[in-house]
Amino acid sequence: MAKAVFLDRDETLNPDPGYISDPDHFSLYPWVPAGLKRLKEAGYLLVVVSNQSGVGRGWIEPAALEKIHAKLDRLLQEAEGIRMDAYSICPHRPEDGCICRKPKPELLLRAARSLGAELSQSFMIGDRQSDYEAGLAAGVKKSYLIRPGDESSFKEAIREISEIGSN
Ligand SMILES: [Zn+2]
């Protein structure tokens, strides 16, 4: 059965100036492509799970969000020849009371269902408590709370996950 690593986006994979609405303002942290390549090599699907309430607020056009994720994939492709396997996004505002906004596990559950990934063999990496809790609530093997924009805690999570995956 497939296994996945669920990845928060902003401040886990990329710097976040706040409600990025333009692909030109999007870049990956330099250590991210090689880390994700390592996960792919260990047999994991890669899934972005992200709250993007700027969409629900009308500050981010859905088409712009797609372009941003196309750029994310292009950057990964150029650097390491890989891309994300799925994007699972909550576009709602907190006050909408939706079923998918992290810390709810729905974004992970949805992606796991569509990819056929076994949650108990999967992992979550994010920089916020809501990421950590979403991972636990989804029933992943381990949920990693890293420091925002931090290379060493990101790499440590990658190392541990890729070692478990290769065993
Ligand atoms: Zn939602």
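## Contacts and overall form

In this predicted model, 67% of the contacts between residues at least 6 apart in sequence join residues at least 24 apart. Buried residues account for 37% of the 167 residues in the protein.

The protein has 6 helices and 5 strands, arranged along the sequence as β-α-β-α-α-β-α-β-α-β-α. Its radius of gyration is 15 Å, close to the 15 Å that the globule rule gives for 167 residues, so the protein is as compact as a globular protein of that length. Along the principal axes, the C-alpha atoms fill a box of roughly 45 × 35 × 30 Å.

## The sheet

The 5 strands form an open sheet in the order β3-β2-β1-β4-β5, and the pairing is parallel. The edges are taken by β3 (86-90) and β5 (142-145); each has a single partner strand, so one side of each is left without a neighbour in the sheet. From one strand to the next, the twist averages 20 degrees.

Strand β2 covers residues 44-51 and runs parallel to β3, to which 5 bridges join it. Val49 stands opposite Ser88, a residue of β3.

## Helix α1 and its buried face

Helix α1 (residues 32-41) lies across β1 (3-7) and β2, and its direction makes an angle of about 130 degrees with β2. Four names make up the buried set of this helix: Val32, Gly35, Leu36 and Leu39. Viewed down the axis of α1, these buried residues fall within an arc of 95 degrees, so they line one face of the helix.

The elements that cover the buried residues of α1 include β1, β2, α3 (62-80) and α6 (151-166). Just after the helix, Gly43 takes a positive phi of about 95 degrees.

## Packing of α1 against α6

The axes of α1 and α6 come within 9 Å and cross at roughly 10 degrees. An angle under 35 degrees counts as roughly parallel, and α1 and α6 are therefore roughly parallel to each other. On the α1 side the contact is made by Gly35, Arg38 and Leu39; on the α6 side it is made by Phe154, Lys155, Ile158, Ile161 and Ser162. Gly35 and Leu39 also belong to the buried residues of α1.

Ile158, in helix α6, is buried, with 24 other C-beta atoms within 10 Å. Leaving aside residues up to four places away in sequence, Ile158 touches Gly35, Arg38 and Leu39. The C-alpha atoms of Ile158 and Phe6 are separated by 12 Å, although the two residues are 152 residues apart along the chain.

## Packing of α4 against α5

The axes of α4 and helix α5 (residues 129-138) come within 8 Å and cross at roughly 50 degrees. That angle makes α4 oblique to α5. In this pair, Leu107, Leu108 and Leu109 of α4 meet Ala134, Gly135 and Ala138 of α5.

## Backbone details in the loops

Glu11 has 18 C-beta neighbours inside 10 Å and counts as partly exposed. Tyr19 is also placed in the loop between β1 and α1, and its phi, near 50 degrees, is likewise positive in a residue other than glycine. With 14 C-beta neighbours inside 10 Å, Tyr19 counts as partly exposed. The cut-off for a buried residue is 20 or more other C-beta atoms within 10 Å.

The peptide bond from Lys102 to Pro103 is cis, and its omega is near 20 degrees. Pro103 sits in the loop between β3 and α4 (106-115).

Definitions and conventions
Residues are numbered from 1 along each chain as its sequence is written. This is a predicted model: local features need pLDDT of at least 70, side-chain atom pairs count only at pLDDT 80 or more; totals for chains, interfaces and linings use all residues. Helices (H or I, at least four residues) and strands (E, at least two) are DSSP runs, numbered from the N terminus. The radius of gyration is taken over C-alpha atoms; the globule rule is 2.2 Å times the number of residues to the power 0.38. A residue is buried if 20 or more other C-beta atoms lie within 10 Å of its own, exposed if 12 or fewer, and partly exposed in between; C-beta atoms are placed from the backbone. Two residues are in contact if their C-beta atoms, placed from the backbone, lie within 7 Å. Two strands pair if DSSP finds at least two bridges between them. Axes are lines fitted to C-alpha atoms, for helices over the stretch in contact, and angles run from 0 to 180 degrees between N-to-C directions. The arc is that of the directions from the helix axis to the C-beta atoms. Angles under 35 degrees count as roughly parallel, over 145 as roughly antiparallel, 65 to 115 as roughly perpendicular and the rest as oblique.
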